[in-house]
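Let us take a walk through a protein together, one step at a time. Have a look at the picture first, and then read on.

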Amino acid sequence: MRRSIATVSVPGNLREKLEAIAAAGFDGIEIFEQDFIAEAGSPAEIGAMIRDHGLGIEIFQPFRDFEGLVGARRVKAFDRAERKFDLMQQLGTDLVLVCSSVAPDAIGGIDRAADDFRELGERAAKRGLRVGYEALAWGRHVNDHRDAWEVVRRADHPNVGLILDSFHTLGRKLDPETIRRVPGDRIFFVQLADAPMIEMDLLYWSRHFRNMPGEGDLDVAAFMRAVMATGYRGPVSLEIFNDQFRGGRPETVARDGHRSLVHLLDRVRREEPGVDVGLPAIPDRIAATGVEFIEFATSAAESGDLTRQLAALGFARTGRHRTKSVELWQQGKIRIVVNTETSGFAHSAYVTHGTGICDIGIGVSDAAATMERARALGANPFHQPVGPGETDIPAIRGVGGSVMHFIDDSADLAGVWEREFVAEANAGSGTGGDDAGLTRIDHLGETMAYDEMLSWALFYTSIFDLAKSPMVDVADPDGLVRSQAIEAPEGALRLTLNGAETHRTFAGRFLADSFNSAVQHTAFACDDILATSTALTRIGFAPLPIPSNYYDDLAARFDLDPALLARLRAGQIMYDRDAGGEFFQLYSRPTPGGLFFEIVERRGAYAGYGATNAPFRIAAQKRLVRPKGIPKS
C-alpha cells in the first residue's frame, strides 16, 4: 500500500516540499494544482523532477465545479477537463480528483451527475486516464460519500471511481461503516486528515484546522478500517490544510505525516484482522512503566546550587560513577543523576542550555521493542561511545534535543546502577539524607513552542501506550500557555506538554533563556503532603510563597476544614478537587533560569494537574524571577 501526501500539506516551494517528502519516506504525492502553477518549468520537467526524488504522482487535484452544468457552461467544463488531461499526460499521472460542485448554477440530480461522469470517463479512457469523484462536505448538491458513490455506480464506467476523504465523512458525522458496502475496486483513492472537534463552518474548519491522523479528535482509524474492509489496497494519502503547519519546517511536517500514517496503518491491521496494509511487522505501542531517572547536565561550578536544592528536598547522594564525574541522588523510587563531565553529550547540553535536565530514563516493558518501534516511526536514535564497564542503554532524541533512554527489567539494563555506581554512605557535608517522604516522579513538564505541541504529542502517543487529555489554556499574566497532559494507564507515566506562544510568559522566558531546553519542571509524588511539608521545613526547604488572597478564595470555593486550611496556608500548599478526589501541590522557588520542582499528593481518583491553580502559581513564580526588560547576565 503506497503512502502519499498532498503537496499542499507541506510548507515551502515545490522543490523544498519534494525534498522533505522524499526524506520522510513517502512513496508518492498528490500534486496540488497551485503548487504546479507556481513552479517554473514545463509539466514534463516538473514530472521528471518529482520522479528524480523517487516519488510517484499518485493524483492531480483538484478539478472543481464540473457536474450539473448546462449549455455553454457544460461545454466549457469538458473543455477544461481536456486541458487538464493534456497536463496530466505531460506530468505523468493517470488520475484526477474531481470534487463535488459548489457552483451556484449547478443543477442537482444523481442521474444528471452520473451522465456527466459517464461522458468524462469515456474521454479519459481514450487517453488511458481515470477520474475520481469526491464528495465535499460543503458540496452544493453532493456532500455525502454515499451520494458520491451512487453517482459513480450509475455512471457505470471503469474509468470513473470514488475518492474518499476522512474529513468529509467524519467532519459531517457520517457513519464510516457505510463505506464497507462499496466495492474496493471502485474506490480509486483515499485521503486522510484528522481535526480537533470544533463547532464551526465546515469549509473554514477544513481549510484551517486539519491535522495529521492521531493529532485530532476524529476517529480516522474507524474510517480506515472500513476502507480496508472493502478490499481497497490503493494509495493512502494525507491532505492537510493547517495554518500552523504552513508556518512550520517542511522536514518536520513531512516527518510527522509519515509517522502518523505508519501509526494509523499499524493500528488498523491490529483492529481489522486479516487486512494487509503493506507495512513490515513492528511491535505494538509500548507500555511505559514510569520514569526511571532524570539526568541534570551542569558544571562543577554550578552543581553546588543544584545539589543543595536536592538535599533541601530530602534527596541523598547514594553513589558516584566509577569512571565519570557523575553523582546519583535518590529518595523513594526517584533517581536523579547529576552530570558534571567536561565532554560528551551532557557537557554539550550544558554548554547549549545551561544547567537543566538533558536526559530522561523511561521504564518500558521491552527496551529493544521500544527502539524497533521508535525507528519505524521515524525517531532519531541516539548513541555515544560507551566506556569500559558501562551499559549501552537504548536511546532516542527527544524534545529540545534532549535524550530519552529506555530501561526494562532485563538484567542487562535493570542492573546499570549497581554496575556503574559505587555506593556512598549518607554522611558528610552536602550528601543530604533527611528523607521527606517523596516516593516517585508523578509527572514531568516539558516546555516547547506552541507550534511543536501537535508534533510531540504524536511522537509520544504513537510510540508509547499513552492517551491524550484535552488541551487547556493556562493564563500567564503576560499571555496564554497551552497545556496538554499525556498519560499511561493508571498514571504510570505522566507528561505535560506546555506550549508557549510568546517569550513574555514564564514558560516562554524559560525557552528563551535556556535556548529551547525541554523539561522545565519535575513533580514528585508523596503519600502525605502535610507530613512532607513539615519534614521539608525542618530540612530547610523554601517553598514558593503563595498570596494570602489565594487561601481566602480557597475557603470560599471549597468547604474545607478550618484546621486543614490553616495548615495549607502555613505550608504554602495549593489545593484542588474534582469528582474523583483531591489534589495538593507544593512548589519550590524557581531557579534564575526558570526551572522548578513540584510536590504533589493525589487522593482518590483525582485526574488532573491543578490547572485552576496554575495562574496563581505562575504569578507567584514571576514575582521571584528577573523583572521584565532586564536581560539575562
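This is a predicted model: local features need pLDDT of at least 70, side-chain atom pairs count only at pLDDT 80 or more; totals for chains, interfaces and linings use all residues.

Let us begin with the barrel. Eight strands, in the order β1-β2-β3-β4-β5-β6-β7-β8, form a closed barrel with parallel pairing. On average, neighbouring strands of this sheet are turned by 30 degrees against each other, direction ignored. A helix packs on this sheet as well: α4, made of residues 71–91, touches β2 (28–32), β3 (56–63), β4 (95–99) and β5. The direction of α4 makes about 160 degrees with that of β3.

Now zoom in on one strand, β6, which covers residues 160–165. Is β6 mostly covered or mostly open? It is mostly covered, as 6 of its 6 residues are buried. Strand β5 (residues 130–134) pairs with β6 in the parallel sense over 4 bridges, and here Tyr133 stands opposite Leu162 of β6. To get from β5 to β6, the chain passes through helix α6 (residues 145–155), and this β-α-β crossover is right-handed. Strand β7 (residues 187–192) also runs parallel to β6, and 4 bridges join the two. In β7, Ile187 is the bridge partner of Leu162, while Gln191 is the bridge partner of Asp165.

Is Glu58 buried or exposed? Its relative accessible area is 11%, and because buried means under 20%, Glu58 counts as buried. The side chains of Glu58 and Arg2 are joined by a polar contact of 2.7 Å. Leaving aside neighbours within four places in sequence, Glu58 is in contact with several residues, including Arg2, Asp27, Thr93, Phe189 and Pro235.

Phe209 is partly exposed, with a relative accessible area of 27%. Among the residues it touches, not counting those up to four places away in sequence, are Asp194, Pro196, Tyr204 and Phe241. Phe209 and Phe245 are 36 residues apart along the chain, and their C-alpha atoms are separated by 9.6 Å.

The largest nonpolar core has 193 residues, and Phe117, Leu192, Met224, Ile336, Tyr460, Phe464 and Leu568 touch the most other members. There is also a second, separate core of 9 residues, which includes Phe345, Ala349, Tyr350 and Val403. Coming back to Leu192, its contacts beyond four places in sequence include Ser166, Pro213, Phe223, Met224, Leu238 and Leu264.

Our last stop is helix α12, residues 303–312. Why is this helix described as largely enclosed by the rest of the structure? The reason is that 8 of its 10 residues are buried. Those buried residues are Ser303, Gly304, Leu306, Thr307, Gln309, Leu310, Ala311 and Ala312. And what covers them? The covering elements include the strands β9 (288–297), β11 (326–331), β12 (334–339) and β25 (596–604), together with helix α19 (529–539). After α12 comes Gly314, whose phi is positive, near 95 degrees.

Terms used: Residues are numbered from 1 along each chain as its sequence is written. Side-chain values use heavy atoms; hydrogens and water are left out. Buried means under 20% relative accessible area, exposed over 50%, partly exposed in between (1.4 Å probe, protein chains only). Contact means heavy atoms within 4.5 Å. A nonpolar core is a set of buried Ala, Val, Leu, Ile, Met, Phe, Trp, Tyr and Cys residues joined through side-chain atoms within 4.5 Å. Two strands pair if DSSP finds at least two bridges between them. A crossover is right-handed if, with the strands pointing away from the viewer, the path from the first strand over the helix to the second runs clockwise. Axes are lines fitted to C-alpha atoms, for helices over the stretch in contact, and angles run from 0 to 180 degrees between N-to-C directions. A polar contact is a pair of N or O atoms within 3.5 Å; within protein, one must be able to donate a hydrogen and the other to accept it, and residues adjacent in sequence count only if both atoms are side-chain atoms.
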